[in-house]
Amino acid sequence: MLKINNLHVKLEEEDKQILKGLSLEVPAGEVHAIMGPNGSGKSTLSYVLSGRDGYEVTGGEATLDGESLLDMEPEERAAAGLFLAFQYPVEIPGVGNMTFLRTAVNAQRKARGEEELSSGEFLKVVRAKAAELQISPEMLKRPVNVGFSGGEKKRNEILQMAMLEPRMCIMDETDSGLDVDAMRLVSEGVNALRSPDRSFLVITHYQRLLNHIQPDVVHIMSNGRIIKSGGPELALEVEENGYGDLLAEAG
Amino acid sequence: MSDTAVKTKVQQTPQVSGAPKPADALDARLAALDLPQGAFAPARAEALARFRDMGLPGPRDEYWRYTDPRPFNAPEPSPLTVEAALESPLFAERDKLTIVFVDGRFDAASSDDLTLEGVEIDTLAQAGDGHWAADLFGRLEAAGQKPVERPFAALNTAAAHDGLLIRVTGKPSKPVHVLHRRRAADADAMWHHVVRVESGAELTLLESGMVGARSNGVVEVDLAPGAKLHHVAAKRAVDPRVGLSHVFAHVAEGAALKSFTLAVNGQHMRNEAVIDMAGDDAVAHVAAAVLGDGDVGPFHHDDTVFITHGAERGESRQVFKKVLKNGATGVFQGKILVKPGAQKTDGYQISQALLLDEASQFLAKPELEIYADDVKCSHGSTTGAIDEDALFYLRSRGVPRERAIVFLVLSFLADALEEVEDESLRDEINERLDAWLTTRPQI
């Protein structure tokens, strides 16, 4: 599904290398977690994969189902099946959540040569999915993320994920700012979306989230590279001992 | 929106300078007009004297510092190519009483019957001297000439042949809609409305359609205690034209004026609002959403507002939003004057521009002048570009870049549109804006 090979990335405006030869492969149907200390480049990885401006790829490649992601516009990556759940979802006053969602769903369908959903069809689907995430019809009508609590914003991200049905989901610190109940709701939303042909890359600081969303593989990232990969027990080890030993081990 | 730059200057009250105003230019301006005879002759004669006394504005006049007065000074406008309307005007589909003006003159044949319960409507051209509006016509305009002179409003009082005289005595079941049409390529349309809303009465006044090569519209609004007027105007030009408008309002105790203008393209436009909040607990909201694309024609749009709080507990809001691209220029001059004794005044003013490229510019001159010590007044002015974080967020969901920018433009304008109280009107404007922005390469 997602293959990243020897990826080197620097900031466009300064001479600062962030990713220094990162390699990673997430096969179809698997959930991979990335953990790592602050400043290791985790969020940069999510932004570079989804096409945010401000970064320059100086080497390596990233493909989704064999297609090179790095040459595509952000909306093309989305239509190709990539989704980034934001750490800080953006508020957009004056644009209704529903209008935004329907535009996004239909733009992707159009880009893939599929028929667009009618208002009626869309409404039916979105209401059902929103109910599962305990998102009220009133929240759907409000402007995108405006006046949403931290938990509501993250649930709204998962609703978008559920509506857009991406094949590769990247979650950038989705657990930050969530209370226990919100984390459970978000995790249930994600788990409901797990399927043999959908993969997840879950970026997190804490093992806590991984109790709810069980990963197949855990990667430890430091200084722009993956320094160790292992099973779920690796996350427990980090929780127990911090990153110190792992960093020392990696030299 | 990100606020990447702030161009805010707070200045002293502008002084009208004694720039040379050649009498022959003024005479030429007047000679091109066919001055009306008949009703309201005293008011018209006084206005003509006022205009002669003020003279034409010059580029050195402080009040015209950001907007070149010459297109308004010229005896004749540059002719336009007249095209058929490309689409139905805003508000065309709703239940209302429609009054059609062609090149600034009432067109009875195309208009609805002017009978509507709760409102009396006459036309200026047909009014006799005993008309109720004789006491108001030109009076608010004259009062609004201090401390800043507005010569083209005086010219309008002297020279406008037609307009509506609307007296609201109840709460009519539907809005009154003034629909402008244009016929002559060189139309120099001038109209003058007087709207008197009696105590406790309420009216929604809509304006849309297209006017000619040059326009000069004046609306005098007199709100009795507890009266309400909602004024929603949509002005869109498909080719370069020159336009000037003035609203003069007198707001009595507990009365409310809510005015919103949508302006799309044009060439050289100036809209002035002069509002006297004379009674306690008066409310005045003035807002505009402006879209200017310099590729359609050289675009210059000026909103100039002067709100005077003369009584206690007045609430005023000015919300002006301009989206500018391809070398378009936006201007905002907004003033709040709080007179001695106007305690507990709540005055708010915001002017913001969204520049879609580096060739466009926004010039803002917010002013506060306060002579009471227990008031709340605030003003802000920002100039910014498209918010890259929001743009990326939308695109990351699959929304194509062009469509994402439309969303962000609508988002930027939302605060101004919020000032339209009627939700269905607001939705109609928003949908039309969306369609304009989406289907046209140029705004």
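Let's start with a pair of strands: in chain A, β1(A) runs antiparallel to strand β4 (residues 55-64), and eight bridges link the two. One spot to look for is Leu2(A), which stands opposite Leu64(A) in β4(A). Keep in mind that you're looking at a predicted model.

What else does β1 pair with? Strand β1 (residues 2-11) of chain A also pairs with strand β2 (residues 17-26) of chain A, again in the antiparallel sense. Getting from β1(A) to β2(A) takes a hairpin of five residues. Along this pairing, Leu7(A) has Leu22(A) in β2(A) as its bridge partner.

Here are the two pairings laid out:

| Strand pair | Sense | Bridges |
|---|---|---|
| β1(A) and β2(A) | antiparallel | seven bridges |
| β1(A) and β4(A) | antiparallel | eight bridges |

Now zoom out a bit. The UniProt annotation, from an unreviewed entry, marks residues 2-248 of chain A as "domain: ABC transporter". That span is 39% helix and 28% strand, and its end C-alpha atoms lie 29 Å apart.

Next, the place where the chains meet. How many residues does each chain bring to the contact? Chain A puts in 22 residues and chain B puts in 18 residues. On the chain A side, the elements giving two or more residues are α2 (74-79), β7 (92-96), α3 (97-111) and α6 (150-164). The top contributor there is α3(A), with six residues. Sort that side of chain A by class and you get 14 nonpolar, five polar and three charged residues.

How values were computed
Residues numbered from 1 in each chain as written. Chains lettered and ligands numbered in written order. Predicted model: local features only at pLDDT ≥ 70, side-chain atom pairs only at ≥ 80, totals over all residues. UniProt positions renumbered as here; feature names shortened; annotations may be inferred. Helix = DSSP H or I, 4+ residues; strand = E, 2+ residues; numbered from the N terminus. Contact = placed C-beta atoms within 7 Å. Nonpolar A, V, L, I, M, F, W, Y, C, P; charged D, E, K, R; others polar. Pairing = 2+ DSSP bridges.
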